[in-house]
Number of protein chains: 2
Amino acid sequence: MALSPLAPTAFPDLPVIAGVTFAAAQAGVKYKGRTDVMLAVLAAGSTVAGVFTRSATRSAPVLDCQAKLAADGAGGPAAILVNSGNSNAFTGKAGVTSVRAICDAVADATGVPAGRVFTASTGVIGEPLPHDRIVAKVAELTAAQTATGMADAARAIMTTDTFPKGAAQTVTIGGRPVQIAGIAKGSGMIAPDMATMLVYIFTDAIIAQSPLQALLACLTDTTFNNITVDSDTSTSDSLMIAATGTSGVDVTDDADFAGALQAVMLDLAHQVVRDGEGATKFVTIAVTGAASDADARLVAMATANSPLVKTAIAGEDPNWGRIVMAVGKSGAQADRDTLTIRLGDLVLARDGYRAPEYVEADCAAYMRRPEIDINIDLGLGDGTSTVWTCDLTHTYITINADYRS
Amino acid sequence: MALSPLAPTAFPDLPVIAGVTFAAAQAGVKYKGRTDVMLAVLAAGSTVAGVFTRSATRSAPVLDCQAKLAADGAGGPAAILVNSGNSNAFTGKAGVTSVRAICDAVADATGVPAGRVFTASTGVIGEPLPHDRIVAKVAELTAAQTATGMADAARAIMTTDTFPKGAAQTVTIGGRPVQIAGIAKGSGMIAPDMATMLVYIFTDAIIAQSPLQALLACLTDTTFNNITVDSDTSTSDSLMIAATGTSGVDVTDDADFAGALQAVMLDLAHQVVRDGEGATKFVTIAVTGAASDADARLVAMATANSPLVKTAIAGEDPNWGRIVMAVGKSGAQADRDTLTIRLGDLVLARDGYRAPEYVEADCAAYMRRPEIDINIDLGLGDGTSTVWTCDLTHTYITINADYRS
């Protein structure tokens, strides 16, 4: 698969987060000639939080992580193991057995209690996970742990992502630096499978599990929960954060830390969209003037997920009639005569009509940009929402229909 | 556009419905060299009912029809005028003026009160409707009225439909025949626009407006409301029925009449799916065992609208992992371990695993059929729902992205 035209120019330099180390290995779960498993080990004192897919058919590793986090207190050491190539989803009791075997192997090799070993799997659904191949690599992964291995970890969790995804921020609190760095995988596809999003963020901040969990959940609502490639939700989506505390800086309720973490999360979320299957346009849909924030999100998501809007963007067509349609079908309160639709600063429609200043050629030129801003003001209230998506192209169909499993 | 591979072999022979006449004409609203306006005139004594798009940005003709039906009592004469090529949607006050001009012209020419003249428009959004071109044809349309003109009307309302759509049933009630015949247009596309569905059904039955409206709304829930091509809802979708009473047979609360009307509606609904943009597969998704009928419909619609499921069907891939995903994301109560998924009679998944009797080659062979049945049993309760859809192909992208407005 060719590199996404929306890819960043380079993988960022990620800082070392004291208290966490990484290694990647070639376990041969499905792929040959590339790494497909990564292990991160967190020192004693680390707190861990996570948010996961709300799918009713979520995978065995997701269910295991959720159970462990619910029981998790303040932290001893912890570990995170992720494999690509097989999602261990819809694998019945065999899936539970696989998770346990991997967690036990990591516990034995690292000394981390099995109840603090978290796993994720991404790839084919419904095939038993050949966990022996992963277990056989745990000793190698443990021996190879290095503080500078986060970029290697980012590559090991890719499926058909066209680029590895990383982001980092440094924030100074009380004169002392706090580091945040994260990796993600996004809209890859392994038949028969769907795009799965996995995100792992590390910080040397001090923060207890409960406020860390609350902060992560809160920030997810304006970052990862507001991106969409094709409206489909994976059975494996996982977002975890671990705080090692090694900076010596307590960030509980610190707005600067929250802002920096949100920036890392938004950066990674945008990279997932930029690597959306077949994407050629990065689209920001900002809705204002809604009766409520919930209504604004309904309109933004209806627009972002509309196949007709997405194909118009692919065709570089300033097809605002389709945006009117999406607003209308969203279920949100809307009034044709108070609706304003803009492409960037170009007004397309206002007061129930095509805008008098609308110039087709200007709007068509705007649509040829790789980054498109669609601004929808409902003219009703103070509700706002911003979501990010990509276009729907022939390549999406090719990836998902033309290659047989 | 090539004829849909799912098209019926021929347009059906539609019976004459005494009390209604039709004519079509070339008004040149947008298309050249074909008919683009149809007028149906209903004799005194006809009752009229309708259901319409729930879009918050619905078109001027839709708003006008809804207002008139709400005020409509037992029937004098009535008329229905439909044009293709321009939807008169998002046209502000000019749209209202256009509707009034057309209704007044029809009233003058036919003697039907303007309050009983119903219109619909399908085509480009946001362009003022050149209603003078239609008004100029009203005298011709009135003079050309004929009882056998329903097929011509079906052709005049097409946009980029690849075939005209008609269906009919005869039902015998108390030894006397009652005729029902209807026409529809479906998933055509006129840039910048989206698929719009228009349906007109005529019967010689006797039934008052109120029970006719209730029956139509009820039957819509299991027919037109359970089809989806791409999840997008038009600003113009309209379904109307007129009962002329000329059969002399009162069908109020008659189950046989309801059954025959449902058959006509389902036939037309299926034809709309069969002409879905780019469709190569006609897909029936039947959900059983849900906690409620509402939950069953959530699962069926989530599956039918999933781009990943639709592209798998296009690729003839028995990709049941994507169906598991769609069930999981639907929001309905679901349990991985009680879920059963079948392709026709072939069991794909059961008891939280791929079914032991699953044979990839058999399922792949099944997927090569033009008609695919996906059966999902949730194993939880008695809720059921059936929806119909088509696959998502390169041709859909070509139609909606590659041709600029």
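Modeller: In this predicted model, chain A has an open sheet of four strands, ordered β1-β2-β4-β5, with mixed pairing. Strands here are DSSP runs of E, at least two residues long, and helices are runs of H or I, at least four residues long, numbered from the N terminus. Two strands pair if DSSP finds at least two bridges between them. The edges are β1 (20–25) and β5 (117–124) of chain A. Each has a single partner strand, so one side of each lacks a neighbour in the sheet. From one strand to the next, the twist averages 10°.

Strand β4 of chain A, residues 78–86, runs parallel to β5(A), and eight bridges join the pair. Ser84(A) lies opposite Thr122(A) of β5(A).

Next, the helix. Helix α2 of chain A, residues 92–110, packs on the sheet. This helix touches β2 (37–42), β4 and β5 of chain A, where contact means heavy atoms within 4.5 Å. The direction of α2(A) makes about 135° with that of β5(A). Axes are lines fitted to C-alpha atoms, for helices over the stretch in contact, and angles run from 0 to 180 degrees between N-to-C directions.

On the ground rules, residues are numbered from 1 along each chain as its sequence is written, and chains are lettered from A and ligands numbered from 1 in the order written. Local features need pLDDT of at least 70, side-chain atom pairs count only at pLDDT 80 or more, totals for chains, interfaces and linings use all residues, and side-chain values use heavy atoms, leaving out hydrogens and water.
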